[in-house]
Amino acid sequence: MLSSPDSLAALGAWASLIFLAPAEATLTHRVSPADIARAAQVAACEAPTLTLPPSIGLEDGLQPIVRSALEHSPKFRQQCRALAAAPRLRATVSLAYRRGIGTTRARTSFRQFQSGALAAEIEIRSAPELTELLAHEFEHLIEQLDGVDLNALAKEGMAHRLADGAFETARAVAAGQLVAGEVTNNAPDRLVGAGKSVWRALRRVGARITE
């Protein structure tokens with residue numbers, strides 16, 4: 001059967017949609033090498049890799065604690081994915097054991113750059129609670145990435161300012177306790193071996209004690 005000019009035009013329009021739409025979609029959703037690398041870093045938070053992203057620098061000796069937390073704590077893996085997905089984040093985690101350091105068990109110092117980059121230095125000052133404190137400080141880091149208004153939280157009773165001017169939040173406290181509980185419940189036998197690694201790291205830090 002012969003087709004009319006109108007029907008031929010309609011057929012051509014449908015053909016254009018069929019053959020051009022995939023190409024247009026490909027261009028619209030093109031993935032950059034940076035996106036691919038970031039996705040790989042997010043995936044590395046899961047088994048079997050179980051590692052933090054390269055943007056988080058760990059002091060020697062902390063890796064077994066981190067791997068145990070990633071293996072046994074869903075909340076810690078969630079934190080890892082959030083940190084791995086942040087494109088302009090750089091952070092370091094170290095053990096600090098100094099005389100006169102006060103009662104603060106851990107602390108994170110932040111630097112925000114005009115470019116949008118965020119740098120953080122995390123100090124853990126109580127080795128027996130390292131898993132809890134690491135998750136606690138990671139949550140403070142994620143709060144910064146999320147753009148949380150700490151002053152507004154304080155007004156709502158969900159945060160308070162410490163004597164040294166830093167903020168403490170209910171969100172970070174809850175995250176630390178949750179991760180510590182998940183690791184303890186899921187891998188109690190592994191904590192002993194991981195703890196030995198921490199104490200070896202602490203002895204190295206002891207050589208750098210400052211008054």
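Which residue is the bridge partner of Arg111 in β4? It's Ala119. Before going on, note that this is a predicted model, where local features need pLDDT of at least 70, side-chain atom pairs count only at pLDDT 80 or more, and totals for chains, interfaces and linings use all residues. Residues are numbered from 1 along each chain as its sequence is written, and side-chain values use heavy atoms, with hydrogens and water left out.

**Strands around β4**
- Helices (H or I, at least four residues) and strands (E, at least two) are DSSP runs, numbered from the N terminus.
- Two strands pair if DSSP finds at least two bridges between them.
- Strand β3 (residues 106-112) pairs with β4 in the antiparallel sense, over 7 bridges.
- A hairpin is formed by β3 and β4, with 5 residues between them; Gly116 in the turn has a positive phi of about 100°.
- Strand β2 (residues 89-95) runs parallel to β4, joined by 7 bridges, and Leu89 stands opposite Leu118.

- Buried means under 20% relative accessible area, exposed means over 50%, and partly exposed is in between (1.4 Å probe, protein chains only).

**An aromatic pair**
- Rings of Phe, Tyr and Trp (its six-membered ring) pair if their centres lie within 6.5 Å; planes under 30 degrees apart count as stacked, over 60 as edge-to-face and the rest as tilted.
- That rule gives 1 aromatic pair.
- The ring centres of Phe76 and Phe138 are 5.7 Å apart and their planes sit at 20°, so the pair is stacked.
- Because Phe76 lies in helix α4 (residues 74-84) and Phe138 in helix α5 (residues 130-146), the pair ties together parts 62 residues apart in sequence.
- Both Phe76 and Phe138 are buried.
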